[in-house]
Amino acid sequence: MTPAFARVSLAEPGDYFALMKPRVMSLVVFTALTGLAIAPGPINPVLALASLLAIAVGAGASGAFNMAADADIDAVMARTRNRPIPAGRVTREEALAFATPLAIGSVAVLGVVANWLAAGLLAFTIFFYAVIYTQRLKRSTPQNIVIGGAAGAFPPMIGEAAMSGHIGAAGIVLFLIIFLWTPPHFWALALVKSDDYARAGVPMMPNVAGEASTRAQILLYTLVLVPFALAPYELGFAGLSYLAVALVSGLGMIWCAWRVYRDRDGEAARKSAWRLFGFSIVYLFLLFAALLAEQLAAPTMRLLGLA
């Protein structure tokens with residue numbers, strides 16, 4: 001009888017790193033850092049670093065769970081078919097075996113070094129993204145991005161909770177900014193990649209409600225998002241520099257969304273959607289960078305008597 005041999009893994013370390021969705025992970029860390037910085041009271045740098053590492057690992061575990069569940073979808077989409085699992089370098093079982101200890105470890109570490117409120121939020125975020133969004137919402141409703149956007153919006157709240165032990169108004173506002181930002185960002189991509197999503201059977205908004213409805217909803221969400229993004233200044237945890245950045249970049253966001261709504265045909269429509277997709281990333285980065293810079297500069301300003 002011929003002996004059975006174990007499969008020889010074709011994966012390299014970079015493939016396992018790719019499973020963690022490093023670009024998404026970097027955004028999670030950045031927004032969590034901003035949430036951490038707005039928390040009231042002094043910040044212990046060792047505790048902050050350990051908390052951010054735990055949040056980063058938890059985000060990476062979420063990405064690996066997502067790729068394991070989405071391997072069938074990724075295999076038929078042009079932009080994802082070379083990911084480690086559909087490309088055959090990593091199996092689903094290997095991805096799950098990689099993600100599970102990362103998820104458990106990240107939650108446990110955050111609970112021990114920070115507090116169990118932050119750890120509970122991280123655990124819920126991993127579950128929400130890996131199960132509720134990936135395995136349910138994404139495959140069943142065109143509102144997948146709207147509801148599922150909560151998963152990407154939790155990191156500022158986790159960061160604030162890790163430092164303060166509670167969730168305040170500031171963390172909730174940052175959550176809502178990301179939540180409102182998510183639909184126009186991803187629907188802009190969906191307009192460009194609608195054929196890919198249709199081929200994969202994912203009910204994205206352009207494929208279900210049509211492109212005209214999607215463009216109108218992108219504009220509507222943007223018109224709600226931009227004024228709401230001024231809330232940190234109105235509530236007193238952001239200053240004039242944040243207000244200036246939010247106003248100028250917000251006008252840019254509205255202009256991009258308006259171009260998506262206006263440009264309906266051909267290459268112009270495609271360029272407008274790509275422009276909004278790219279600028280929306282810059283917009284969110286500028287908002288959080290301005291807020292983070294103000295928080296980091298505040299002690300120096302107080303020391304100099306300028307605040």
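Asp 70 is buried, with a relative accessible area of 0%, where buried means under 20% relative accessible area, exposed means over 50% and partly exposed means in between, as found with a 1.4 Å probe and protein chains only. This is a predicted model, in which local features need pLDDT of at least 70 and side-chain atom pairs count only at pLDDT 80 or more, while totals for chains, interfaces and linings use all residues. Residues are numbered from 1 along each chain as its sequence is written, and side-chain values use heavy atoms, with hydrogens and water left out.

The side chain of Asp 70 meets that of Lys 138 in a salt bridge at 2.6 Å, N to O, a salt bridge being a side-chain nitrogen of Lys or Arg within 4 Å of a carboxyl oxygen of Asp or Glu. Lys 138 lies in helix H6 and Asp 70 in the loop between helix H3 (45-69) and helix H4 (71-74), so the pair ties together parts that are 68 residues apart in sequence; helices here are DSSP runs of H or I with at least four residues, numbered from the N terminus, and strands are runs of E with at least two. Lys 138 itself counts as buried, at 12% relative accessibility.

Asp 70 also meets the side chain of Arg 139 in a salt bridge, at 3.5 Å from N to O. This pair, too, links distant parts of the chain, since Asp 70 is in the loop between H3 and H4 while Arg 139 is in helix H6, 69 residues apart. Arg 139 counts as partly exposed, at 35% relative accessibility. A network of salt bridges links Asp 70, Asp 72, Arg 92, Lys 138 and Arg 139.

## Salt bridges elsewhere

By the rule given above, the count comes to 10 salt bridges. One of them joins the side chains of Asp 263 and Arg 262 at 3.2 Å, N to O. Asp 263 is buried, with a relative accessible area of 10%, whereas Arg 262 is partly exposed, with 46%.

## Helix H6

Helix H6 covers residues 116-140 and bends by about 50° at Tyr 133, the bend being the angle between axes fitted to the seven residues ending at a residue and the seven starting there.

## Asn 66 and Lys 21

Asn 66 lies in helix H3 and is buried, with a relative accessible area of 1%. Leaving aside its neighbours within four places in sequence, Asn 66 is in contact with Lys 21, Tyr 129, Tyr 133 and Thr 134, where contact means heavy atoms within 4.5 Å.

Lys 21 is placed in the loop between helix H1 (13-19) and helix H2 (22-38), and at 14% relative accessibility it counts as buried. The phi angle of Lys 21 is near 50°, a positive value in a residue other than glycine.

## Ser 106 in helix H5

Ser 106 lies in helix H5, residues 92-113, and is buried, with a relative accessible area of 2%. Its side chain reaches the backbone oxygen of Ala 103 at 2.9 Å. With neighbours within four places in sequence left aside, Ser 106 is in contact with Ala 54, Val 57, Gly 58, Leu 122 and Ile 126.

## Ser 194 in helix H10

Ser 194 is found in helix H10, residues 194-200, and is buried, with a relative accessible area of 11%. Not counting residues up to four places away in sequence, Ser 194 touches Pro 206, Asn 207 and Glu 211. Ser 194 and Asn 207 are 13 residues apart in sequence and 6.4 Å apart in space, taken from C-alpha to C-alpha.

Methods: A polar contact is a pair of N or O atoms within 3.5 Å; within protein, one must be able to donate a hydrogen and the other to accept it, and residues adjacent in sequence count only if both atoms are side-chain atoms.
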